[in-house]
Amino acid sequence: MAELKNHGVCGAKRSASDETEAIKFDPKKSTAMVPSLLEDPAAAIANTRHEFGEHGGVNMSIEASATFTVMEPETMRRMFAGELGPDRDFFIYSRHFNPTVLNLSRQMAALEGTAAAYCTSSGMSAICAVLLQLLASGDHVVASRTLYGGTHALLAHFLPRTSNITTSFVDIGDLEEVEKEIVEGKTKVLYFEAVSNPTLAVANIPELCRIGHAKGLTVVVDNTFTPMVLSPARLGADVVVHSISKFISGGADIIAGAVCGPSKLVNSMMDLRQGSLMLLGPTMNAKVAFELSERIPHLGLRMKEHCRRAAEFAERMKKAGLKVIYPGLPDHPQHQLMKSLVNSEYGFGGMLCLDMGTEEKANKLMNILQNSTQFGFMAVSLGYYETLMSCSGSSTSSEMSREEKELAGISPGLIRMSVGYIGTLEQKWSQFEKAIAKVEGKELPFCNN
């Protein structure tokens, strides 16, 4: 495998004639490689090549150029012919490959343990690009019936209308149903979330991959809810997609996505004639890529605290008699499954759900939590340092019909919580207790300690 050169250290522009080694660009070789497929994602991230700045800065320089010059006319011809590429430090245009985005992509590949990755302008653009690269008119997908609302709408409505691509939605926990819905010669992709949004059902990734691969399918897994916690590619998945906007970013200030998978797939998505990323253009800005590349090194620390607090809050909510859903609780249906799949030291995720029964009661609690006790914010998205809360049925899953939500297990009063880590744990629990007491008509003295 060719090694990507350190773009920030080389000061002189090279010409094609400078190449003394084999210079033909091999599309089978990774353009976002990791040095090893280490089991611990934190170790793998630390083991990626560190990019230094142009003048020796500890941080890499931002390559903000939209286009790139060449020293000889012949070089440009060879780049467009596919003979020279980013594996040799030759770049054409930032809608194609960009050095700064490529650096972030190497980190994402390391995080997920894949041979390659490339980053996009949003999580939905990553999902769309992967599916459009893997599927053609008339193809079929088997997908979990419990998905992020936007993904569900893409599969249920948009792709059938625009591309004649159909989807069968299944209970992803029913392996027999999954296998039954696969149509030989027609089904090409098995798609699911590692931990479902919003119900927090845990997918049996190894078994689902076994079923998919036995039928010749490409297994695509959305791991947005559990970066560091779960590693779907290490468990057998072919492709892992992310909304980087969430836990990986951590600041609720950036929209971004990533596709992590085989080198052949990632390179095909950048093909000048057939690549979904190249032709549809969901380009990540290099300045955004730089920002995100500075956050990934401490993602592990942040995830551990998100998970620690979510676990503690879930246990306390359960003891308080509330209906709480959290994979780390022993009574969660897939607790033992997730326990067998997680990377050590990261817990069971930073998301929990609280079922208040009715939307009215859920809204009342969220209103008090935000506007009275300052426990968190009513907002969609997740992975922020503040706790974010939303009533999923009327927000992030509103694209689904009432029947679809019932099948997915999304009740009207289900509150999805992304547990933050600001303040002390006891301070935040006190704020939650007072809000619950107020909902139940039991006023407690408030002290924001």
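Helices, of at least four residues, and strands, of at least two, are DSSP runs numbered from the N terminus. On that basis, this predicted model has 15 helices and twelve strands.

**Overall build**
- Of the 449 residues of the protein, 55% count as buried, and the accessible surface comes to about 18,600 Å², of which 53% belongs to carbon and sulfur atoms.
- Among contacts with a separation of 6 or more, 73% are made by residues 24 or more positions apart.

- Seven strands form an open sheet with mixed pairing, in the order 1-7-6-5-4-2-3.
- Strand 1 (116–120) and strand 3 (166–170) stand at the edges with a single partner strand each, so one side of each has no neighbour in the sheet.
- Neighbouring strands of this sheet are turned by 20° against each other on average, direction ignored.
- Strand 2 (residues 140–144) runs parallel to strand 3 and is joined to it by five bridges, with S144 standing opposite V170 in strand 3.
- Helix 4 (residues 123–134) lies across strands 1, 4, 5, 6 and 7, and runs at about 155° to strand 6.

**Helix 13**
- Helix 13 (residues 359–371) has 13 residues and reaches 18 Å from its first C-alpha to its last, close to the 18 Å expected at 1.5 Å a residue.
- A362, L365, M366, I368 and L369 are buried in helix 13; they lie on the same side of the helix because they cover an arc of only 160° around the axis.
- The buried residues of helix 13 pack against strands 9, 10, 11 and 12 and against helix 15 (425–439).

Conventions. Residues are numbered from 1 along each chain as its sequence is written. This is a predicted model: local features need pLDDT of at least 70, side-chain atom pairs count only at pLDDT 80 or more; totals for chains, interfaces and linings use all residues. Side-chain values use heavy atoms; hydrogens and water are left out. Buried means under 20% relative accessible area, exposed over 50%, partly exposed in between (1.4 Å probe, protein chains only). Contact means heavy atoms within 4.5 Å. Accessible areas come from the Shrake-Rupley method with a 1.4 Å probe; for residues, only the protein chains shown count as cover. The expected span of a helix is 1.5 Å times one less than its number of residues. The arc is that of the directions from the helix axis to the C-beta atoms. Two strands pair if DSSP finds at least two bridges between them. Axes are lines fitted to C-alpha atoms, for helices over the stretch in contact, and angles run from 0 to 180 degrees between N-to-C directions.
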